[in-house]
Amino acid sequence: MNDRFIQSICIDWELLKEDSYLREIPALWNMGRLEFEKNLTFFVGENGTGKSTLTEAIAVACGFNGEGGTADYRFSTFDDVSELGRALRVVRGFRRPERGYFFRAESFFNVASKAEDYRDGTLKEVYYARYGGRSLHEQSHGESFLSYFQSFTEAGLYIMDEPEAALSPQRQLSLFIQIAKMAEQGSQFVIATHSPILLAIPGADIYSFDGEGLFPCSYEETESYRLTELFINERKRIIKELLEDEE
């Protein structure tokens, strides 16, 4: 047995309705048991292939709030969390994470608001120090994303859905460094992403979601890498073809 916080996951389909839309997602239906053998696991694939659905379900099954935050966050502003979380069977390791969070790009504003609510009388100066000296709402969207990420340094379990959403390429490189260092020091990350920058972090397992199933792949095999490389190398030709197709 390895020392990951999450050892493996599988779906107990008997706990889901026969007409559940989850049964129509090939990557989930054909997943079987997914083993986590590295401290860093990426989920990649087109929109609608199930990677965010599985990421969210892992977070919920591990005790995180469905809209994001740490395990202590308990709030709900909209009910769009799938039923997969209750049907997911998680095998945990012998270690317990010191800290952790579930980051969900689309609901980060709500997490930032709850961070204010959960201040519990702590002096603003002391509380805001962990976020670069300012409230998350006083920073730009990208700044607040990164400030929140960088406030966590302990070895823990970190589950992230498209963390690059509001980050410039430079800020993605800052996150790249933090994730790489924390994973090296024992933190476990499960990340759904489209970012060719984050996907390049060394020592990661990458799983591709497609129309047939869920498969391990190399960095160079990901669509994010291949399309980015193609566009950079063949930019003029591709732009010309794209615009001609619109005529």
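The legends below describe close-up views of a predicted model. Residues are numbered from 1 along each chain as its sequence is written, and side-chain values use heavy atoms, with hydrogens and water left out. Because the model is predicted, local features need pLDDT of at least 70 and side-chain atom pairs count only at pLDDT 80 or more, while totals for chains, interfaces and linings use all residues.

**View 1. Strand 5 and its parallel neighbour, strand 6**. Strands, like helices, are DSSP runs numbered from the N terminus (helices: H or I, at least four residues; strands: E, at least two), and two strands pair if DSSP finds at least two bridges between them. Strand 5 (residues 99–104) runs parallel to strand 6 (residues 156–161), and six bridges join the two. Within this pairing, tyrosine 101 has tyrosine 158 of strand 6 as its bridge partner. Five of the six residues of strand 5 are buried, where buried means under 20% relative accessible area, exposed over 50% and partly exposed in between (1.4 Å probe, protein chains only).

**View 2. The aromatic cluster that includes Tyr101**. Rings of Phe, Tyr and Trp (its six-membered ring) pair if their centres lie within 6.5 Å, with planes under 30 degrees apart counted as stacked, over 60 as edge-to-face and the rest as tilted. By this rule there are seven aromatic pairs. One of them, tyrosine 101 with phenylalanine 149, is stacked, at 6.3 Å centre to centre and 20 degrees between the planes. Tyrosine 101 belongs to strand 5 and phenylalanine 149 to helix 6 (residues 141–150), so this pair ties together parts that are 48 residues apart in sequence. Tyrosine 101 is buried at a relative accessible area of 2%, and phenylalanine 149 is buried at 0%. Ring pairs join Tyr101, Phe103, Phe149, Tyr158 and Phe189 into a cluster.

**View 3. The second largest pocket and its lining**. On a 1 Å grid over the protein atoms alone, a pocket is an open set of points (where a 1.4 Å probe fits) with protein on both sides within 12 Å along at least five of seven lines, and lining residues have an atom within 4 Å of a point. The space in the second largest pocket is about 230 Å³. Of the 14 residues that line this pocket, Gly45, Glu46, His194, Glu223 and Ser224 lie nearest its centre. Strand 3 (40–45), strand 8 (205–209) and helix 8 (223–233) each contribute at least two lining residues, and helix 8 gives the largest share, three residues.

**View 4. The open sheet with strand order 2-1-4**. This sheet has three strands with antiparallel pairing, and its edge strands, strand 2 (34–35) and strand 4 (88–92), each pair on one side only. Two bridges connect strand 1 (residues 6–11) to strand 2 in the antiparallel sense, and serine 8 has glutamate 35 of strand 2 as its bridge partner.

**View 5. Helix 2 and the glycine that follows**. Eight of the eleven residues of helix 2 (residues 51–61) are buried; among them are Leu54, Ala57 and Ile58, together with Lys51 and Glu56. Glycine 63 follows the helix and has a positive phi, near 95 degrees.

**View 6. Cysteine 10 and cysteine 217**. Cysteine 10 is buried, with a relative accessible area of 17%, and cysteine 217 is buried at 18%. The count of disulfides (pairs of cysteine sulfur atoms within 2.5 Å) is zero.

Notes. Points joined across faces, edges and corners; volume = space filled by probe spheres on them.
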